[in-house]
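Take a look at the sequence and the structure below.

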Amino acid sequence: MSGDPPLTVVTARHPGRWAAAAVVLVLLLMAANALVTNPAWEWPIVGEYLFYPSILRAVAFTLELTALGIVLGFLLGTVLALMRLSANPLLSSVAWGYTWLFRSVPLILQLLFWYNLALLYKQISFGVPFGPSFFSVGTMDLIGPVTAAALGLALHQGAYAAEIVRAGFLSVDQGQLEAAAALGIPRARQVFRIVLPQAMRTIVPTAGNEIIGLVKGTSVVYIMALPELFYQAQVIYNRSGRVIALLLVAAIWYLALTTVLSVFQYYLERHYAKGATRHLPETPLGRLRRAVATRNAAARRAL
């Protein structure tokens, strides 16, 4: 009614939330104070070794191992994923067996196996299967420490990449392929223009996590005395005795590398999210799905 007083808006109070924030802030300030004021952290020594030439070479070698493991691993994983999705029971069984084996055995054991392959086979022969060989190469000459490390990382990563790629393909509605096949679109174009762009929205987040994990996982190759970042930090602090400072140097570089990769992953995910409605086929079913996806995207933006 006109004589009623105007309504007053009362802001909800959350004292528990503010108390929790105050406790967290105090803990953060205490941690920062401990890092800055404790001389045992040896921050001047950290600054001295952060861009040390051998450390920079170790960072480059770590990135090289990561790139080899990811590229070769995802190429192998894509092949395994297609085999796993094949209607051929032999191909599907072999892909399943590979994934089961390489996900079950720890990475450090796989690396040691490839590093000591010459104990099993002195030579590796090339020729006709079950027939004469054309030439042979010594295993130690063919598979050195770096090759063994890259091979172990790639084969291990391939098992996980196969499941990531397979999950991405399965996330695409099969009705779109049926609609594309009904329109006479070639199979290759169906994969690259319809399936893959949509599957990448599922593949990219998990693949990004695998890449970040592999950057840190390359530290396992220290058992092969390869000069990656963690091993090189060990070499320097064993010689200089600056254990904490060199561990901090390695930690800072790992943080920097994973941060850059996380930023790249964010923008890559956003790129494929923008194409969520662009690759749907021009069919009544495709138009309906495009309309639903557009509505959902608008609702998410509104939130």
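## Confidence in the model

This is a predicted model. The protein averages a pLDDT of 83. A score of at least 70 is reached by 88% of the residues.

Which element scores highest, and which lowest? Among the elements, helix α4 (residues 89–104) has the highest mean pLDDT, at 93. Helix α12 (residues 284–302) has the lowest, at 55. Over residues 277–281, pLDDT stays under 50. The model has 17 contacts beyond four places in sequence for that stretch. Where pLDDT is low, the predicted coordinates should not be read in detail.

## The overall build

The protein has 12 helices and two strands. Read from the N terminus, the order is α-α-α-α-α-β-β-α-α-α-α-α-α-α.

How much of the protein is buried? Of its 303 residues, 34% are buried. The accessible surface comes to about 18800 Å². Carbon and sulfur atoms account for 68% of that surface.

Now consider contacts between residues at least 6 apart in sequence. Of these, 71% join residues at least 24 apart.

## Helix α3 against helix α9

Two packed helices are described by the angle between their axes and the distance between the axes. Start with helix α3 (residues 53–85) and helix α9 (residues 187–217). They pack at an angle of about 140°, and their axes are 9 Å apart. That angle makes α3 oblique to α9. The crossing of α3 past α9 is right-handed.

Which residues make the contact? On the α3 side they are Thr-62, Thr-66, Gly-69, Ile-70 and Phe-74. On the α9 side they are Ala-207, Glu-210, Ile-211, Leu-214 and Val-215.

## Helix α3 against helix α11

Helix α3 also meets helix α11 (residues 243–274). Their axes come within 12 Å and cross at roughly 40°. The two helices are therefore oblique to each other. Their crossing is right-handed. Ile-55, Leu-56, Val-59 and Leu-63 are the α3 residues in this contact. Their partners in α11 are Leu-246, Val-249, Trp-253 and Leu-257.

Phe-61 lies in helix α3. Is Phe-61 buried or exposed? Its relative accessible area is 11%, so Phe-61 is buried. Leave aside its neighbours within four places in sequence. Phe-61 is then in contact with Val-146, Leu-226, Pro-227 and Glu-228. Phe-61 and Thr-218 are 157 residues apart in sequence. In space, their C-alpha atoms are 9.7 Å apart.

Tyr-254 lies in helix α11. Its relative accessible area is 13%, so Tyr-254 is buried. Not counting residues up to four places away in sequence, Tyr-254 touches Val-215, Lys-216, Ser-219, Glu-228, Leu-229 and Phe-230. Tyr-254 and Thr-62 are 192 residues apart along the chain. Their C-alpha atoms are separated by 9.8 Å.

## Helix α5 against helix α7

Next come helix α5 (residues 107–115) and helix α7 (residues 145–170). Their axes come within 9 Å and cross at roughly 140°. That makes α5 oblique to α7. The crossing is right-handed.

From α5, the contact uses Leu-107, Gln-110, Leu-111, Trp-114 and Tyr-115. From α7, the residues include Pro-145, Ala-148, Ala-149, Leu-151 and Gly-152. Leu-153, Leu-155 and His-156 of α7 take part as well.

## Two loop residues with positive phi

Most residues other than glycine have a negative phi, and most peptide bonds are trans. Glu-42 has a positive phi of about 55°, although Glu-42 is not a glycine. Where does Glu-42 lie? It lies in the loop between α1 (15–37) and α2 (43–50). At 19% relative accessibility, Glu-42 counts as buried, because the cut-off is under 20%.

Ala-225 also has a positive phi, near 60°. Ala-225 lies in the loop between α9 and α10 (229–240). Is Ala-225 buried or partly exposed? At 46% relative accessibility, Ala-225 counts as partly exposed.

Terms used
Residues are numbered from 1 along each chain as its sequence is written. This is a predicted model: local features need pLDDT of at least 70, side-chain atom pairs count only at pLDDT 80 or more; totals for chains, interfaces and linings use all residues. Side-chain values use heavy atoms; hydrogens and water are left out. pLDDT is the predictor's confidence in each residue, from 0 to 100. Helices (H or I, at least four residues) and strands (E, at least two) are DSSP runs, numbered from the N terminus. Contact means heavy atoms within 4.5 Å. Buried means under 20% relative accessible area, exposed over 50%, partly exposed in between (1.4 Å probe, protein chains only). Accessible areas come from the Shrake-Rupley method with a 1.4 Å probe; for residues, only the protein chains shown count as cover. Axes are lines fitted to C-alpha atoms, for helices over the stretch in contact, and angles run from 0 to 180 degrees between N-to-C directions. Angles under 35 degrees count as roughly parallel, over 145 as roughly antiparallel, 65 to 115 as roughly perpendicular and the rest as oblique. A crossing is left-handed if the near helix is turned anticlockwise from the far one by less than a right angle, and right-handed if clockwise.
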